[in-house]
Amino acid sequence: MALATPLRHLLHAPAGPPARSSDPAGPSLPTHRALPPSRGHLSAILAAAPRPSSAATTRTAAAAAAGGRPTVLVTEKLGPAGLDLLREFANVDCAYELTAEELRAKVSLVDALVVRSATRVTREVFEAARGRLRVVGRAGVGIDNVDLRAATEAGCLVVNAPTANTVAAAEHAVALLAAMARNVAQADASLKAGKWQRSKFIGVSLVGKTLAVMGFGKVGSEVARRAKGLGMDIIAHDPYAPVDRARAIGVDLVSFDEAISTADFISLHMPLTPSTEKIFDDETFAKMKKGVRIVNVARGGVVDEDALLRALDNGTVAQAALDVFTEEPPPKDSKLVQHENVTVTPHLGASTTEAQEGVALEIAEAVIGALRGDLAATAVNAPMVPDEVLSELSPYVVLAEKLGRLVVQLVAGGSGIKGVKVVYSSARDPDDLDTRILRAMVTKGIIEPISSAFVNIVNADYVAKQRGLQIVEERILLDGSPEIPLDSIQVHLANVESKFGGALSDAGDIRVEGKVKDGAPHLTLVGSFSVDVSLEGNLLLCRQVDQPGIIGKVGSILGNTNVNVSFMSVGRTAPGKQATMAIGTDEEPAKEALKLIGEIPSVVEFVFLKL
């Protein structure tokens, strides 16, 4: 197998050596022996000079033919300011509405490609580029139309423009909020149909009403600011948002259930992830105030549209205002779209002149920076690392991400994550082990399940800093053979509430530890309880009084509901005292099964986690 492209080669610009970039969110490294930020085996590869290759030869020749300037192909309309910025740095070819065949013919002649959502950048496109294409810029947030795996394998960096649409999306949410409350769309249609129905379209006031912002990221926080100016009381739910940032603008972070059950209006700003898909279902609507009003400018898939229709029909939801849909465009005969109490727009959240110009400038700056060799803060695909390095670290990379995914699920709603400590136990000298890729994977595991961010070694520190997350690394030097890179990795979350009290250490942090055994990641510590389970599939953690029969009772409940147990481990503080049982399952237990487990008298608490 050929060696993968080193990072410096991946970001190398033909006009000269890439500039060194400072780390935008370099972690603090206190305690024990501090880890050097850019030394060791992996960092030596990441900082290596470009190696000669056929692709590099192609790029050099092409650059020479173009007068030393790179060439950028723009396949969809981009704001003039962005095009002007690109033209200052590169030769720009604007070719719109290309067929797939025409795109493949052109892509071998360019160094960068800028697209919006219509152009599909497939594996065949990267293969047709024959190694010359170095950057793909997506003018917008979503990258569903770009084959990230193929891009990474081709050594091509993919960047997007995630921030320029923020204000436009927030303004649209507030516009829908007000239009819904005052029946603007319905009254407009009625009057244009020749009717004068003042009594039919009596609305509700926003002043003094409670708005729940579900997802307190960039857009959600901007909506909160504007809604406060309208005299609304704002609460928010976001398992990640820092409490102090919310309080600074007068917002209380609360649990999911508290938010939906107390709100008069609900505005959705959460990403579409496996954990949020159809999170607003029949069960969720049943917990809401009767007559609640809902706005969605986030992602259509977070709402079960059939359940929303039922909630509208039975009066649980008085009105809804929707800018996004599960299927876009929605079917012409959609009962939800046609419902008299639903206001709809065709995904206009980012559709302002200013937002379009902002996106154009943001993507132009990102593409230019990547062509110069800068580490792109908005990179959405991972750089390639030589196989001999990853072969040593790969099981620990998997372990690090799994621990991050596990620990974030232990955080109770309303607790903002601010501080993360990663502790490495190793007999290897610090100069021989660069942990940046491991830190990036812990960050990835914590952030990706609860956000729409794409995290990799290129952008991990930047993404963490943007979300107010401080990553601290510590090293415990062990006696033993340095042949094994690491003995264990611990992840601590400080100053957060835990869904599972057994996960708290003596210091009050949520703590999990893992090791690599026989090449596979294992969970070895939860709070103060030692366990030994494989980190695969699903995990059920139960804290119980240590007495005979508990394992059998839990196992019987799972077996009777056709849930297969793949592994089990019990750790205890002392005989007859507290114990924690970790059970791996192939399937997700039904809510009824989990309820039965919780009703076992000796079970103090339990939590189900998806790995």
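Predicted model: local features only at pLDDT ≥ 70, side-chain atom pairs only at ≥ 80, totals over all residues.
Local features are given at pLDDT of at least 70, side-chain atom pairs count only at pLDDT 80 or more, and totals for chains, interfaces and linings use all residues. Residues are numbered from 1 along each chain as its sequence is written, and side-chain values use heavy atoms, with hydrogens and water left out.

An open sheet of seven strands runs in the order S8-S7-S6-S9-S10-S11-S12, with parallel pairing. Strands S8 (252-253) and S12 (342-344) sit at the edges with a single partner strand each, so one side of each has no neighbour in the sheet. Strands here are DSSP E runs of at least two residues, helices are H or I runs of at least four, and both are numbered from the N terminus; two strands pair if DSSP finds at least two bridges between them. For S12, three parallel bridges link it to S11 (residues 317-322), and Leu 322 has Val 344 as its bridge partner there.

Helix H8 (residues 166-181) lies across S6 (210-214), S9 (265-268), S10 (292-296), S11 and S12, at about 145° to S10. That angle runs from 0 to 180 degrees between N-to-C directions, with axes fitted to C-alpha atoms, for helices over the stretch in contact (heavy atoms within 4.5 Å).

Then there is strand S13 (residues 419-426). Six of its eight residues are buried, so S13 is largely enclosed by the rest of the structure (buried means under 20% relative accessible area, 1.4 Å probe, protein chains only). S13 pairs with S14 (residues 470-477) in the parallel sense over eight bridges, with Ser 425 opposite Ile 476. Strand S15 (residues 488-494) runs antiparallel to S13 and is joined to it by seven bridges; here Val 423 partners Gln 490.

Methods:
Buried < 20%, exposed > 50% of the residue type's maximum accessible area, 1.4 Å probe, protein only.
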